[in-house]
Every structure is written in C-alpha cells, then in structure tokens.
Amino acid sequence: MAIAHFHIVPNAKTDQVVGTHGDAIKIKLRAPAADGTANAALLNFLAEELEISKRAIVLKRGEKSREKLIRVEGLSEIEIHRRLGIQQSAGPRPSNHLTS
C-alpha cells in the first residue's frame, strides 16, 4: 500500500500526467471541478494508467481541493511513479549557492 500526493488541474484539453508539482504528481483532467466529477475522473484515470482496479484506489484527503492524497493498494510509491512515467529524485538536489 502506498500514499501518493497529486495536484489536479481540471477542465484541461486532455487527461494526462504532466510531471510533478512540488512533491505531488501533476495530472490534467478534462472533467470539471464540480459535483465530484473531477474526483471520479481522477480515480478512473489512475485505475487505467496504473492498471489496477478502481477499488484499490481511495481518495483519503482533498475532496474539494486540487491537492489530493490518495491511497493505492497493491503498489509501492516507486511503482506508482514508474507506471505514471514520473522520475523520482534521487535525494536532495545540490545547492546553487556559492560559498565564500
């Protein structure tokens, strides 16, 4: 079981994973953000992209927010990122600040 963070952009031209937004996976959805339509579209999209049952995906937090916390049964966070085509960072990034 894994918990993954998502940043959702509703009313997009296509349904697609577009990369990351901070620590979250950014997904654009055609569905509008009204009456739970985008949430249902997100769960359907994730089930299809992750190749798992919709019953294995649970919206834990963010029902009325663009920021979602989703539990995925049967996959690790690394596997979720891999199946969605997201590169995970390999630790902290080097600082761009010069020291004197």
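Five strands form an open sheet in the order 2-3-1-5-4, with mixed pairing; two strands count as paired if DSSP finds at least two bridges between them. The model is predicted: local features need pLDDT of at least 70, side-chain atom pairs count only at pLDDT 80 or more, and totals for chains, interfaces and linings use all residues. Residues are numbered from 1 along each chain as its sequence is written, and side-chain values use heavy atoms, with hydrogens and water left out. Helices (H or I, at least four residues) and strands (E, at least two) are DSSP runs, numbered from the N terminus.

- Strand 2 (16-21) and strand 4 are the edge strands, each pairing on one side only.
- On average, neighbouring strands of this sheet are turned by 40 degrees against each other, direction ignored.
- Strand 1 and strand 5 run antiparallel and are joined by 6 bridges; A2 has V72 in strand 5 as its bridge partner.
- Strand 4 and strand 5 also run antiparallel, joined by 4 bridges.
- Opposite L59 stands I70 in strand 5, and opposite R61 stands L69 in strand 5.
- The hairpin of strand 4 and strand 5 has 5 residues between the strands, and G62 takes a positive phi near 105 degrees there.

**The helices**

- Helix 1 lies across strand 1, strand 2, strand 3, strand 4 and strand 5, and runs at about 45 degrees to strand 5.
- Helix 2 packs on the sheet, where it touches strand 1, strand 2, strand 3 and strand 5, and its direction makes about 35 degrees with that of strand 1.
- Axes are lines fitted to C-alpha atoms, for helices over the stretch in contact, and angles run from 0 to 180 degrees between N-to-C directions.

**The core**

- The largest nonpolar core has 21 residues, and F6, I27, L46, L50, I80 and L84 touch the most other members.
- Strand 1 (2-9), strand 3 (24-28), helix 1 (37-50), strand 5 (67-72) and helix 2 (77-84) each supply at least two residues of this core, with the largest share, 5 residues, coming from helix 1.
- Such a core is a set of buried (under 20% relative accessible area, 1.4 Å probe, protein chains only) Ala, Val, Leu, Ile, Met, Phe, Trp, Tyr and Cys residues joined through side-chain atoms within 4.5 Å.
- Not counting residues up to four places away in sequence, I27 touches F6, H7, I8, V9, Q16, V17, V18, L42, F45 and L46; contact means heavy atoms within 4.5 Å.

- K54 lies in the loop between helix 1 and strand 4 (57-61).
- Not counting residues up to four places away in sequence, K54 touches L43, N44 and A47.
- K54 and L43 are 11 residues apart in sequence and 6.5 Å apart in space, C-alpha to C-alpha.

Conventions. Buried < 20%, exposed > 50% of the residue type's maximum accessible area, 1.4 Å probe, protein only.
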